[in-house]
Amino acid sequence: MVTPVTIALDVMGGDHGPSVAIPGANYSLIRHPDTRFLLVGDESAINEQLSGFPNLAACSEIIHTDISISMDEKPSQALRKGRWKSGMWLAIQAVRDGKADAVVSAGNTGALMAMSKFCLRTLPEIERPAIAAIWPTVESECIVLDVGANVGADAAQLEDFAMMGAAMARALFSLDRPSVGLLNIGVEEIKGLEQVREAGAALRRTDTSFDYRGFVEGADIGQGVVDVVVTEGFSGNIALKTAEGTAKQIGSYLKAAMNRSLLARLGAFLAQGAFLALKEKMDPRRSNGGLFLGLNGIVIKSHGGTDSTGYASAIDLGYDMVRSGLVERLSSDIKKFHAVLEQDVAVLEQER
C-alpha cells in the first residue's frame, strides 16, 4: 500500500486565499488521489469553500488560526508577528514536526523564506537557500535558480546552487547526470562578474555528479541548452519576470493579428488547434511554483496572483518532490559535493 503524501497549505496566503487554494487542492487531488491535506487558516472561510468539494473534505484536516501574513509585510515584521500563530508558520511547523511532507503557500515570499529558514533550518554546508523555478523551453523544461531569494551571491554560493539545482533535476526529470550552466553576459571565460568567473573555474575543475557546460546567456534559457541554469536572485528574478511579460506580449500580438481582418479570423479558426497548443505551452500556470532549495523540508512558493489551475501546479510540484525523496537526495549530494571541493582545494594548495 502506498503511503499518502501529506501537504500543508497556507490557505489564507496570496491575493485570493481560499477561493483559489481549495479548488487548486481539489484539482491536484484528482491527479494524485493518495494526497492528504492540512488546511491552515480561518476555519469558517475554509469550510465555505470546502463544502463544494466533498472528496477533498474527506481527506483534509483543518487547523484554525485567524492570523495571516499580509503581502506587504517586511520579513522581520512578519517573523515577529506571525511566529507560532500565523497560518504560514503553522503550515511550515507541520513539516518540521513530521505532520506534513511539504508546505505550499502563495503568501509573502520574504516572510515565507524567513519563517522557513527559522523553523526548518538549512541543510549542513548550505549557507543560503535558493528559489528554483521550472522554466519551459523549446526542448521541454529546465530549472533556473536563484529567482529571488538572494540579491547577490559569492562563488561558493553559486557552486552550491549548481549542486542543488542538479539534485532537483535528477529528482524531477529522472536524469542521471544533468547539464548545468552559469548565467552570464557572454560565453567567453573573460566576461562577467568576478564571482561568476570564479564559480565557473571551480565547477570546471571539479569532478561532480553533473555535467558543467560553462557560461550560458539569457537567450539560451528558453532554448533548453542545459537542464539547470544558475544565477543569483536579482538577475534571476528579472529574467523570470521578463519572460512572463514577453509571453503575455506575444499573446497580445497574436490576438490582435488574428482579429485584424475577416481573412485573418478565418485563418485563426482553421489553425485553432495549433494556437491552443501554443497557448498551453506558454501558459505560466503550468510551471507555477518555486521550490525553496537547501532547507530541511520541502517548501513551495506559489505565485500570489495565480488561479486555482496554477495553485494546483504548485501542489503537484510539492507532491513530486516528496515522492522523489528530494531532501534525502540533496543531503547525500551535499556531502559528496563538498568532499570533492575539499579534495580539489587540497590538490591546489599542494601544487602551489
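How are helix 4 and helix 6 oriented to each other? They are oblique, a label for angles that are neither under 35 degrees (roughly parallel), nor over 145 (roughly antiparallel), nor 65 to 115 (roughly perpendicular). The structure is a predicted model, so local features need pLDDT of at least 70 and side-chain atom pairs count only at pLDDT 80 or more, while totals for chains, interfaces and linings use all residues. Residues are numbered from 1 along each chain as its sequence is written, and side-chain values use heavy atoms, with hydrogens and water left out.

Two packed helices are described by the angle between their axes and the distance between the axes. For helix 4 (residues 75-82) and helix 6 (residues 109-120), the angle is about 60 degrees and the axes are 8 Å apart. Here the axes are lines fitted to C-alpha atoms over the stretch in contact, and angles run from 0 to 180 degrees between N-to-C directions. Helices (H or I, at least four residues) and strands (E, at least two) are DSSP runs, numbered from the N terminus. The crossing of helix 4 with helix 6 is right-handed, that is, the near helix is turned clockwise from the far one by less than a right angle. On the helix 4 side, Pro-75, Ala-78, Leu-79 and Gly-82 meet Gly-110, Ala-111, Ala-114, Met-115 and Phe-118 of helix 6, where contact means heavy atoms within 4.5 Å. Sorted by class, that contact has seven nonpolar, two polar and no charged residues; Ala, Val, Leu, Ile, Met, Phe, Trp, Tyr, Cys and Pro count as nonpolar, Asp, Glu, Lys and Arg as charged, and the others, Gly among them, as polar.

Lys-81 also sits in helix 4. With a relative accessible area of 42%, Lys-81 is partly exposed, which falls between buried (under 20%) and exposed (over 50%), using a 1.4 Å probe and protein chains only. Residues up to four places away in sequence aside, Lys-81 touches Ile-67, Ser-68 and Glu-73. Its C-alpha atom is 30 Å from that of Glu-125, 44 residues apart along the chain.

Next comes the pairing of helix 7 (residues 155-173) with helix 13, whose axes come within 9 Å and cross at roughly 95 degrees. The two helices are therefore roughly perpendicular to each other. Met-168, Ala-171 and Leu-172 of helix 7 make the contact with Leu-317, Asp-320 and Met-321 of helix 13, a set with five nonpolar, no polar and one charged residues. Ser-324 is buried, at 14% relative accessible area, and its side chain reaches the backbone oxygen of Met-321 at 3.0 Å. Leaving out residues up to four places away in sequence, Ser-324 touches Ala-171 and Arg-329.

Asp-34, between helix 1 (18-31) and strand 2 (35-41), counts as buried at 18% relative accessibility. Ala-100, in the loop between helix 5 (87-96) and strand 4 (102-105), is buried at 6%. The C-alpha atoms of Ala-100 and Gly-297 are separated by 9.6 Å, although these residues are 197 residues apart along the chain.

Note on methods: A polar contact is a pair of N or O atoms within 3.5 Å; within protein, one must be able to donate a hydrogen and the other to accept it, and residues adjacent in sequence count only if both atoms are side-chain atoms.
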